Amino acid sequence: MRAFAWLPLACVLASGEALAARPFTVEDLLSLREAGRAAFSPDQNWLVVETFAPWREAPRYDHDTLTSQTLGRLVVVDLKAGGAAKPLLATDPLAGDTLGAFSPDGSRVIVFRLREHRRVLGIVTLATGAVVWTDLTVEPELWTAAARWRNDQEIVAISRPPEAASRGLGGGWQPQARIAAARAAATAGHLSVAPLGSGRFTDLNPPADLARLALIEADSGQVRTLASGAFADLSVSPDGRTAAVIEEGALNPPIADGAIRTGDPPRQRRLTLVDLADGHRLTPCVTCDLQPYVWSWSPDGASLLAYVRAGGPAGPGYWRFSRAGAAPLAPGLLAGETGGKDPRTQADAAWLGRDAVVLARPADKTRTDWWRLAAQGPVNLTAELSAPAGRRLIAGSDGLVFTAGGQIWRIAERGAPRPVGGPETRLKPGPTLPGQAPVLALATDSQGARLHSASGDAGPAALLPSGARLLALGPNDAAAVLLSDPNGLGHIELRAPNRTPRPVLTLNPDLADVAFAAPVRIDHAGPDGEALASWLYLPPGHRASNDRPIIVVPYPGARYGAPPEEAAPGALSLPTNVQLMAAAGYAVLVPSLPLSPAREPMDGLADAMLRVVDAARAAQPGLSATRLAVWGQSYGGYGALAAGVQSPRFKAVIASAPITNLLSFYGAWPASLATLPEAGLPIASQLAWSETGQGRMGVPPWRDPQRYLRNSPGLQTDRLAAPVMLIYGDLDFDIGQVQTVFASLYRQGKDAQLLIYRGEGHVVLSPDNVRDLYGRAFAFLRATLGDPSALAVALPPSPASDVASAAPAAIRPSQ
């Protein structure tokens with residue numbers, strides 16, 4: 001185990017002495033450390049914080065975007081005894097550790113260790129540091145729960161065989177292993193087919209892999225299997241008697257003439273109740289298909305409230321499930337829809353005392369409200385307010401807090417809604433594990449900061465600095481926060497009212513001498529005359545006399561009221577890194593590009609971007625009128641190609657992981673999922689992406705093929721005048737998206753490059769591939785826009801950080 005020592009850097013920063021500045025580099029990017037989750041123990045004796053070691057230090061890069069889990073490091077702070085943060089576990093350089101749930105009494109905490117391709121569960125006793133490791137393989141808790149405490153002595157967990165298809169950790173290595181095995185089988189003359197079916201042939205589709213529901217004894221780590229099934233989510237009743245688990249069934253077919261949404265689950269989801277004493281299992285409704293993430297136990301643990309999206313005998317609606325069976329509570333009340341560019345089902349469920357409370361709408365209405373499902377019938381609790389804005393903020397058996405009309409409101413167990421503070425009051429819920437509703441929030445307004453619970457005002461709280469990231473809230477008025485300074489140094493602190501902030505960790509001290517580009521707000525009008533803000537990043541030392549080339553980094557549909565987080569110093573943003581572009585000498589523009597429902601997705605995209613360019617040039621002298629590039633990732637790559645098709649003002653186009661042909665992208669799914677059909681092929685959600693999601697086609701292609709053609713930049717390459725660089729991972733959705741564009745440019749003799757990164761998915765992750773990508777991209781831009789290094793001037797000194805002066809040293813690179 002390694003302790004955290006003070007760095008000489010802290011002394012330099014504390015002295016206020018300016019440091020010699022240098023530009024940000026790819027090596028700096030790959031060396032960044034990040035903060036993850038943090039949590040206070042229920043007894044308020046401990047704070048545990050996740051941090052992540054530099055990306056370049058990962059032991060392997062075949063876990064796709066969850067490679068970060070191999071870099072996890074856990075530190076613990078003794079809140080009673082004081083002292084510096086210490087490692088919670090002995091570090092394994094070939095593994096990463098991440099945080100789970102605390103025991104109800106706060107004496108223990110669940111941890112997970114990912115080594116190679118297995119993520120096993122452990123239990124740490126905080127007072128001694130002793131750890132008990134099980135042999136259970138547990139999926140990452142990204143959206144659903146995988147391990148929860150039954151009581152202070154026992155844990156309930158969903159465990160899968162190591163070889164089972166993994167939605168989370170298998171996106172990289174499992175497809176490659178399965179493809180290699182299938183090719184080897186075919187080479188040897190053996191079977192390698194992967195059949196799928198629709199309509200009458202759905203029986204061809206493989207079922208979901210089986211998992212086991214296990215009960216773990218915390219002292220010894222002994223495991224008892226309670227049940228086996230295709231389990232995918234878990235919730236333990238408040239009395240500890242019952243585990244509700246979601247069991248996955250057949251693939252969900254889309255409704256032939258109905259709307260489909262990207263958030264619809266790939267498989268049918270049945271509820272199973274398991275008695276934690278004897279393992280007896282009950283399926284209260286064998287046909288009910290539950291909406292993900294919408295369920296809530298009654299305070300006494302006797303009933304579970306959930307939304308049935310399909311298959312219920314009474315149709316969709318909110319149901320009560322228990323050992324006695326299942327029954328609809330209000331058949332006339334349905335879930336709403338979020339609207340916007342990616343509409344999803346909007347539902348929520350909670351309890352006020354013995355009454356269920358739900359977010360719903362009558363079948364003949366579109367407005368959603370909070371309803372109490374009382375014995376005498378449904379009661380609309382928010383009819384006199386503006387429409388509630390989404391799901392609850394915090395909830396408990398004696399209150400529910402939500403937003404409506406820009407005002408925060410609280411509903412008590414009895415009575416009408418009451419405002420929380422004034423219209424300027426803002427509520428920031430404390431972060432929780434997936435499946436856990438926030439119970440505490442930080443309320444801030446002109447009067448200061450206060451803790452707020454579902455019961456109401458819970459006392460004073462520390463007012464957090466602007467831009468601080470809230471990591472954890474404790475009921476004793478303490479908050480764990482992450483502060484970032486202009487040099488990208490991260491400072492994790494404990495804050496409480498009327499007390500001096502207590503430093504916990506400093507991240508990325510090696511950035512103290514880096515000169516980053518600061519965001520400059522560019523105000524401008526949108527396509528419909530609306531007031532918008534976009535953000536300009538200038539290389540340090542920029543002069544009004546420059547003719548500095550500009551890179552536009554678009555993402556159609558984005559609206560930035562504040563500088564984008566991924567462009568901040570110290571942000572681990574591997575694709576389209578704004579700070580790297582600025583360090584290479586380019587002015588970088590991140591535009592707000594709201595999409596009007598009345599327009600098609602390609603309609604006016606280039607004009608919208610160029611409107612921002614012209615506003616930036618008017619506000620900031622020294623920006624070139626002619627040296628203009630566009631560089632986008634994913635849907636931003638779609639926007640980049642669309643801009644190049646629509647305007648000759650762009651002299652270079654870089655499109656990474658782009659969608660280029662909406663016809664061929666209709667229903668496409670990545671190779672990583674095609675080889676893992678047991679995990680549930682997201683066919684319906686991919687169709688929904690095209691029809692009701694970002695693709696915004698509204699209908700399938702056979703109903704309006706011309707709409708798909710008009711909005712496919714890859715089918716309009718005859719209008720592309722600028723040189724093009726295309727970047728794609730061969731495990732991404734559809735490599736044909738870039739192959740056909742490159743082929744069409746090749747056919748026309750136009751300048752183009754195609755970079756295929758083997759073993760990569762939607763984002764290029766391997767450090768050497770990241771280095772290669774930026775090296776080639778900047779060389780491409782120099783060849784097309786000219787070399788911006790001729791504009792270089794001496795960088796200004798990097799200012800000392802006031803925040804960093806009291807912070808302990810960072811985790812060293814050896815971790």
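Tutor: Happy to! Ala404 stands opposite Gln407 in strand S30, and this is a predicted model, in which local features need pLDDT of at least 70, side-chain atom pairs count only at pLDDT 80 or more, and totals for chains, interfaces and linings use all residues. Residues are numbered from 1 along each chain as its sequence is written, and side-chain values use heavy atoms, with hydrogens and water left out.

Strand S29 covers residues 399-404, and S30 covers residues 407-412. Helices (H or I, at least four residues) and strands (E, at least two) are DSSP runs, numbered from the N terminus. S29 and S30 pair in the antiparallel sense over 6 bridges; two strands pair if DSSP finds at least two bridges between them. In their hairpin, 2 residues lie between the strands, and Gly405 takes a positive phi near 60 degrees.

Now turn to the other partner of S29. Strand S28 (residues 394-396) also pairs with S29 in the antiparallel sense, over 3 bridges. Here Ile394 stands opposite Val401 in S29. S28 and S29 form a hairpin too, with 2 residues between them.

What about cover? S29 is mostly covered, with 5 of its 6 residues buried. Buried means under 20% relative accessible area, exposed over 50%, and partly exposed in between (1.4 Å probe, protein chains only). So S29 pairs with S28 over 3 bridges and with S30 over 6 bridges.
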